[in-house]
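Let's take a walk through this protein together, starting from a single residue and then stepping back to the whole chain.

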Amino acid sequence: MKFKSGQRRRAIEYEKDLVQQWKKHKTFEKSVELRDPANSYVFYDGPPFITGVPHHGTLLSSIIKDAVPRYQTMKGKRVERRWGWDCHGLPAENFVEKQLGIADRRQILVDDSQQAPLDKDGKPMPTITLEKYIETARDSMIANSETWQGVIDRVGRWVDFKGAYRTMNKDFMESVWWAFKQLYNAGKIYEGEKVLMYDTRFATPVSKAEVTMDNDAYQTVTDPSVYVKFQLTAEAVKALKVPADTAILAWTTTPWTLPANMVLAISPEMKYVLVESGGDRLIVAEDCLERVFQDDKHQPIVYKVVRQIAGGDLVGLTYQPLPTGSTWPTDPETVVKIHRVYAADFVTNESGTGIVHVAPAYGEDDFALCQANGIKAFHVIDDNGYYFDSIYKGREVWSNNKFIAKDLLEKGVVWRIEYIRHEYPFNPRSKQRIMYRAIPSWFFDIQDAKPLLLEQN
């Protein structure tokens, strides 16, 4: 028979008829009910977020998830497939905050004693109670279920929507707490601290895997980089036998972390020099001289090398804290360890001055170095990205990076400011810059299970 245009039935018609046939004859339900529960194949399905509508990404994974249970069903297994909704986490919170017009999480007031936060012009921002926020969140988590059911039926996936669960249901949350308790009793849960990617807009850690897999996560930005003079103490000047006004010169592309500086890091294998330039006496790595002593137009800055200093001779030297208003720990055990020079294997001569400013609360290498030397992370920024009142009151970290650089320049501790273009991570959900931040949290110890995990994967 010769094919003629227009005679073939359209897919949209026979797809709908096929779905109706399945429903009429309860084909999916029978494929479950007629099988022995003792011969079950258990399928754990990670539920989608109820806040979004189906798209090519969720549909692709959904079709793959349908293929596995169908295959096991054809092998004679009983495969129950219960639909579920993920109602927790950043997508849910972001969804609700857009509805409520919340731009800053400080607008959510836990109790009546709190005051409304101020915007950048000093005016009070609109607020909402935590109770109202939660009520709106719960109501919003029911909105898109009908849209999903129609599309999932259309793609031909067999799943039980009638018994769908929501992660916000109390019985579901209680089951999670039960599982958590079993892990805790087995010694698999421990409290610790780790440097994680952190979003100040959402006031929460974010998944490194999620950020790095997004094409737009890393954006090119222009930031101030600063050369900072860390003035040696009288004790260090005497030990090193250098003039009283000698400073160690460190370079950083994150001026916002300077109020949290606790130590400096050098390489004991590298050679350092004491130089004089424009009235300053500075210690830098010998291999970095040519790069450091040139201006914005790459013209050389006049300097004179006074003497060489072995990297090992710098280890243990003390310096004066930066004048940022930071309130440092006062316990004797910490006092003797901070504002001191330490050896570190991550210091190189490939950039900067060969001397690294270390703020353990805001860097992975920084945190590891200080932890190895018994120094705890020191925070200068609250959960929402605002400096504590004693430092830069009311200033938000990202909008004041340049201000901090210029403030320290006026105070005489910044030797020189440069502006650089570099790649910086952003959270694809909030479009906000991400910082690395030390976070105290609960962790699941998987070390013993690693061999089995690798084997099964």
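Threonine 136 counts as buried because its relative accessibility is 13%, where buried means under 20% relative accessible area, exposed over 50% and partly exposed in between (1.4 Å probe, protein chains only). This is a predicted model, in which local features need pLDDT of at least 70 and side-chain atom pairs count only at pLDDT 80 or more, while totals for chains, interfaces and linings use all residues. Residues are numbered from 1 along each chain as its sequence is written, and side-chain values use heavy atoms, with hydrogens and water left out.

You will find threonine 136 in helix 5, which covers residues 130-140. Setting aside neighbours within four places in sequence, threonine 136 is in contact with Val96, Gln99 and Leu100; contact means heavy atoms within 4.5 Å.

Now step back. The protein has 16 helices and 16 strands, both taken as DSSP runs numbered from the N terminus (helices H or I, at least four residues; strands E, at least two). Of its 457 residues, 42% are buried. Among the contacts with a separation of 6 or more, 74% join residues 24 or more positions apart.

What does the C-alpha trace span along its principal axes? The trace spans about 95 × 60 × 55 Å. The radius of gyration is 30 Å, whereas a compact globule of 457 residues would have one near 23 Å; this radius is taken over C-alpha atoms, and the globule rule is 2.2 Å times the number of residues to the power 0.38.
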